[in-house]
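Here is a short report on one protein chain. Look at the fold first, then at the cores.

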Amino acid sequence: MAINILSWNVNGLNSPVKRTKCLDYLKCKNVHLALIQESHLKAADVHRFQNRYFKVICSSSAANKTKGVLIVSKRNFDFSIIRSGGDTEGRITYAVGSVYNTKYAFVSVYAPTEGDPLFFQELLRLVVSLEDCLVVLGGDFNTVLDPQLDRSHVNFANLKLKKLKFLNQN
């Protein structure tokens, strides 16, 4: 049986209308499990992103209304949670459990916008500790493999410099 999983940077869930629209979208797309980033919800407000079809199974929130990650499950999805956890910064949350007699670890990640080696070391330690599970990692890693190919804006100063170097070579 297939599991329909969605990783989604929602860019804030403090508006009741947006929460409702997001939950409706999950239902419409028949999502079993959603890995949510940038919820912007405080820990005391995480319960607001639930309805009769979906529930929050784990979360991590920042002290202010920034960052925030959630894992949301369809209420009738047979996922038996063994353990869950996360950081205290609103950047990593995970749930370990079994689905169809297979042990999974679902991880939702919202990486810092500036490369932070300590964050990625923490993430790596977590993933390595989940060695007895099939790991499903979803998130917003705030990075690209090749800035020239993957960025929509171009740094024209660097582009002009590269053109000059190219012209000097020929």
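## Basis of the model

This is a predicted model: local features need pLDDT of at least 70, side-chain atom pairs count only at pLDDT 80 or more, and totals for chains, interfaces and linings use all residues. Residues are numbered from 1 along each chain as its sequence is written, and side-chain values use heavy atoms, with hydrogens and water left out.

## Overall make-up

The protein has four helices and eight strands. Both are DSSP runs numbered from the N terminus: helices are H or I with at least four residues, strands E with at least two. From the N terminus, the order is β-α-β-β-β-β-β-β-α-β-α-α.

Of the 170 residues, 37% are buried, meaning under 20% relative accessible area with a 1.4 Å probe, protein chains only. Take the contacts (heavy atoms within 4.5 Å) between residues at least 6 apart in sequence: 58% join residues at least 24 apart.

## The four-stranded sheet

Four strands make an open, mixed sheet, ordered β1-β2-β4-β3. Strands count as paired if DSSP finds at least two bridges between them. β1 (5–9) and β3 (54–60) are the edge strands; each has a single partner, so one side of each lacks a neighbour in the sheet. From one strand to the next, the twist averages 20°.

β1 pairs with β2 (residues 33–37) in the parallel sense, over five bridges. One link joins S7 to its bridge partner L35 in β2. Helix α1 (residues 16–28) lies across β1, β2 and β3 and runs at about 155° to β1. Such angles run from 0 to 180 degrees between N-to-C directions, with axes fitted to C-alpha atoms, for helices over the stretch in contact.

## The β5–β6 hairpin

β5 (residues 80–86) and β6 (residues 92–99) pair in the antiparallel sense over six bridges. R83 has V96 in β6 as its bridge partner. Five residues separate the two strands of this hairpin, and G90 in the turn has a positive phi of about 80°.

## Two nonpolar cores

A nonpolar core is a set of buried Ala, Val, Leu, Ile, Met, Phe, Trp, Tyr and Cys residues joined through side-chain atoms within 4.5 Å. The largest has 15 residues; L13, L26, I36, F49, L70 and V72 have the most contacts inside it. α1, β2, β3 and β4 (69–74) each supply at least two residues. The largest share, three residues, comes from α1.

A second, separate core has 12 residues, including I92, V96, A111 and L130.

Terms used
Buried means under 20% relative accessible area, exposed over 50%, partly exposed in between (1.4 Å probe, protein chains only).
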